[in-house]
Amino acid sequence: MNIPSNIITLLAGIFLTLISLWYGQHHGLMPAAASEEAKAVDELFNFMMTIATGLFLLVEGVLVYCVIRFRRKRGDRTDGPPVEGNVPLEILWTAIPTIIVFILALYSFEVYNSLGGLDVDTSKDLPASRLEMADEEENHHHHHLVALNPHGGHLALGIGSGKADLEVEVNAIQYAWIFTYPDTGIISGELHVPVNKRVRLKMKAGDVIHAFWVPQLRLKQDVIPGRESELSFKPTKIGRYPIICAELCGAYHGGMKTTLYVESEEDYQQWVEKNLIAQTQDNPSPPSGYKPHPLAGVTRDTLAQIPHIPPQSL
Amino acid sequence: MVSNTEVVKKEHRERRERRLIDYFTFNTDHKVIGIQYLVTSFLFYFIGGAFAEAMRTELATPNPDFLSPELYNQMFTLHGTIMIFLWIVPAGAAFANYLIPLMIGAEDMAFPRLNAVAFWLLPPGGLLLIASLLVGAPQAGWTSYPPLSLMTGKWGQEMWILSILLLGTSSILGAINFATTILKMRIKDMDLHSMPLFCWSMLATSALILLSTPVLASALILLSFDLIAGTSFFNPAGGGDPVVYQHLFWFYSHPAVYIMILPFFGVISEVIPVHSRKPIFGYRAIAYSSLAISFLGLIVWAHHMFTSGTPGWLRMFFMATTMLVAVPTGIKVFSWCATMWGGKISLNTPMLFAIGFVSSFLIGGLTGVMLASVPFDIHVHDTYFVVGHFHYVLFGGSALALFAGFYHWFPKMTGKNYNETLGRLHFILTFLGFNITFMPMHQLGLMGMNRRIALYDPSFQPLNLISTAGAYLLAISTIPFIINVVWSLLKGTKAERNPWNALTLEWQTASPPVMENFEEEPILWSGPYDYGIDTSPEATAQSVEEMLADVASK
C-alpha cells in the first residue's frame, strides 16, 4: 500500500504534538511546589517543556531521517541536487520562532508580574516621599506595570509584595543563615513560618554575596553586602524545605544550608512561645548603653542548628 | 645555464622547507601560528580535562572526601578558566589563523608579526594561571565575583587577573588581524558574498572581541586595584558596588559565549555541505544571522544577573533580547538540517561530529531559551541546570564542532590522512560520554542541586554517579583521539590535495600548503558551495578522467 507522503507527514506531526503535550505535563523534573507562585512557574516551565520537546523531536527526527535516507551510496561520486535555499521556507522558520519567543516573553512577563517581581512597594532605595507617591499611583491603577515606567523610581532588589503578614530579617554570613523576627525578637538558625500567610524577608549579607534559594518555592534572590534585598512568598503547603545558598560564597558554600518549616498556625505559635521563653532565660535584660554583639540573643540551640559556622564570626 | 637556475631554485625551495623547530619559534607564517594555537590549546584541554575528572571524582560521593573544599573550588575555577580562555577561544583562533588566508587566497595575514605576538601571549598567560597553584590557586570561580574574590588568597587571584589580561590582549590582537585580513586581502574576484561562511562567522566574532574584551580588561584592572592597593571600586566594605563588577564582567563574558561558538558555527557551515555534497542552504541567511547573533550578543549580558542586583524592568528587557537570540540561531540550525536534506551524506568522522554538534547544540539552545525566561531562571540560576545547559552549548556545541573541523582539515594541515575507524570510535565515545555526563545535570538542578559545591545532599547521589561515569567515558574517549593523531602523523598515508572534493580555496593548494600558500595565484572558478551545479551529475567523474587522459596524451 502506498500512503501519500503528505499524510505520513501529517500523522508524524500529530504524533509529535501529542508526545510533546504529554511530556510537557509529565516530565516529573520539578520538586514539590509549596506555593501558588511555584505552581505558576511550573506551568510556565511545562509550557516551555512542551515547545522544547516538539522542536527537539522535529530537529532530531530530521537528522536521523537524513542520516538513514540520504546516505551516499558506495561508489557514488556525484553531488546532490543544487538547492541553494527556499525563501518561503526560510521566512517560515524565521517567523515561527519569532512568534514563539514573543508569546513566551509575554507569558513570562505575566508570571513574573504575578510573583510580585514588578511590585512598586518592594522598593527600598526609594525615598519615603516618593514611596508614598508610588503608593497613591498604585491605588489609582490596579496593575503594576512598572516596566513601562522605569523612571518611576528605583525598584527593589528582589521580588515580592509589600503587604506581608510576617516580616523576617535575614542575615547571611559565611556559612550560615540567621533569621530575626522583629515582632517577637526571636533569633533563629531556621526559618519557621505559618502556612497561608505572606512572608517578607529583608535580607542582608555580612561578608560576601550569598543567595537565598528554596527550590520548593522556586524563588531565589542574591543577598548582597552593602544593600538590602527582599523576597516575599506565601507558602500553601505544610512541610520542611531546604534553604540553600546558591551563590558561591567560599569553601563551605555547599554546607550553607538550613531548613524552612512551613507550619500550621498552632504549631507556629507553639514554636514562637517556646523560643520566647528560651531567649528570655538566656539573655537577661542588658544594662543601658550596652551594644549587643551581632549574634547576641542567639541561643545555644540556634547555634547547634547552624552548620559549619566558623569560630571567627561568633 | 638552465641547470644552474634549477639548482638555485632547488636550494631556495629546500631552504624554505618547513622545519619542526619553526613551531617552537616566533614565526610569522599564519599556518605555523595556526598549528601553534591548536597544539597549545589541546595541551591545556588535557589539563582542564584532568581538573574536570578530579571534580567529578569528588562529586561521586556527597561528602568532600577526595578533594578538600578549598581545593575543589580551585579546581573548578581553573577548569572553567582554562577551558574557556585556553582551549575553546584559542582553538577558534587556530582555525581562523590557519584557514582565513587560505580561504580567501591570501599569502598571509594582514599583520603577520602582530599575529605571532598574539600567539606568544598565550603560553605565558597559561603558565601564569597554572603556576597560581603554587601560591594557592584562585577559588572564586571563573566569574571571580567580589567581595569573595578579594578574600580568597591575594596572589592566586592576582595571577588569575594577569593571566586573563594577557589572554584577552592576545584575543584582541587576533581579532584585529582576522577582520582586516577578511576585509582587505581577498583575491580580486571574491566579494563578501562569495566568501566561505567561516569567514563571515570570524568577522562577527572579531567584532564581538573588539567591542567587549576591553570592558573585561577594565573590570579586571579595577578588581586588581581593590585586591592589591586596597581601593574600593567593588568592595562594599569601602562603599564600592559588587554589582557593577558583575555588569562589566558579563558585558564581556556573555559575548564570550558567542566568541566561543560563532567560529564553530562557521566550521559546521563548511563541513556539512562538503560531506552532504549539497550547497549550503540559505547562504545569506546563515551569514547575516552570524552578524545578528553578534549584535544581540552585546545586549543580553544581564541575563546572568536575574537574581542579582537588577531591578524588575531591567530583568524584563534582558529577557526579551535574550529570547530573540533564538531566532538567528534557529535559522542556522534549520539551514544546516535543510543542507543535509536530500544530500548524499558520507558518515565520516567530521560529518559524525557535525551531526553530533547539531543534535547537542539544539538541546543547549532550547534550555537557553528556557533560561531566558526570568521566573524560571530565578529557580534554576546557579544550579546544575545551568551547568548542564552551558556544557551542551560549549562541549556539545563548540567542542564537537572543533573536532569536526579538526578531522575535516587534518589532511590539509598535516598532509596525512587520519584513521577513519579510530575517528569514528572517538566520536562514539565522546558523544555517549558527553550526554551521560551532562544530561543528568539538568534534572539535578531542577530538583535543587546548586553548583560550585563539593558537598551535596545525599539524595542527589544516583544522578551524580551517572554523571561521573560519563566523565570517565569522556576521559577514555581521548585515547583513540591521541592514538589517531600520533599514528597518522607518523604512519598515516599521504593526503591528497583535495580528499573531500571540496570547493573552497584551501583545497586548491597542496596538503600541507606550500610556504606561500598557493603555487600561483588561485582562481575563483566557483562559489564556495556550488555542489552539483556546473557539471551534469552522471558524467563528472568520467569526463575529468577523459580530460586528464587527453592532457597526458598530448
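Is A292(B) buried, exposed or partly exposed, judged by the other C-beta atoms within 10 Å? A292(B) is partly exposed, with 17 other C-beta atoms within 10 Å, where a residue counts as buried at 20 or more such atoms, as exposed at 12 or fewer, and as partly exposed in between, with C-beta atoms placed from the backbone. The views below show a predicted model, in which local features need pLDDT of at least 70 and side-chain atom pairs count only at pLDDT 80 or more, while totals for chains, interfaces and linings use all residues. Residues are numbered from 1 along each chain as its sequence is written, and chains are lettered from A and ligands numbered from 1 in the order in which they are written.

View 1. A204(B) is 88 residues from A292(B) in sequence, yet their C-alpha atoms are 8.6 Å apart in space.

**View 2. Helix α4 of chain B and its buried residues.** Within residues 112-120, the buried positions are N115(B), A116(B), A118(B) and F119(B). Seen down the axis of α4(B), the buried residues fall within an arc of 155 degrees, so they line one face of the helix; the arc is taken over the directions from the helix axis to the C-beta atoms. The elements that cover these residues include α2 (30-58), α3 (69-103), α5 (122-135) and α6 (154-184) of chain B, a contact being a pair of residues whose C-beta atoms, placed from the backbone, lie within 7 Å.

**View 3. The contact between chain A and chain B.** Chain A contributes 77 residues and chain B contributes 82 residues. On the side of chain A that touches chain B, at least two residues are supplied by each of α2 (36-69), α3 (87-115), β7 (210-214), β8 (219-223) and β10 (239-245) of chain A.

View 4. In chain A, 10 residues of domain 1 are in contact with 13 residues of domain 2, and α2(A) provides the largest share of the domain 1 side, 4 residues.

Note on methods
Two residues are in contact if their C-beta atoms, placed from the backbone, lie within 7 Å.
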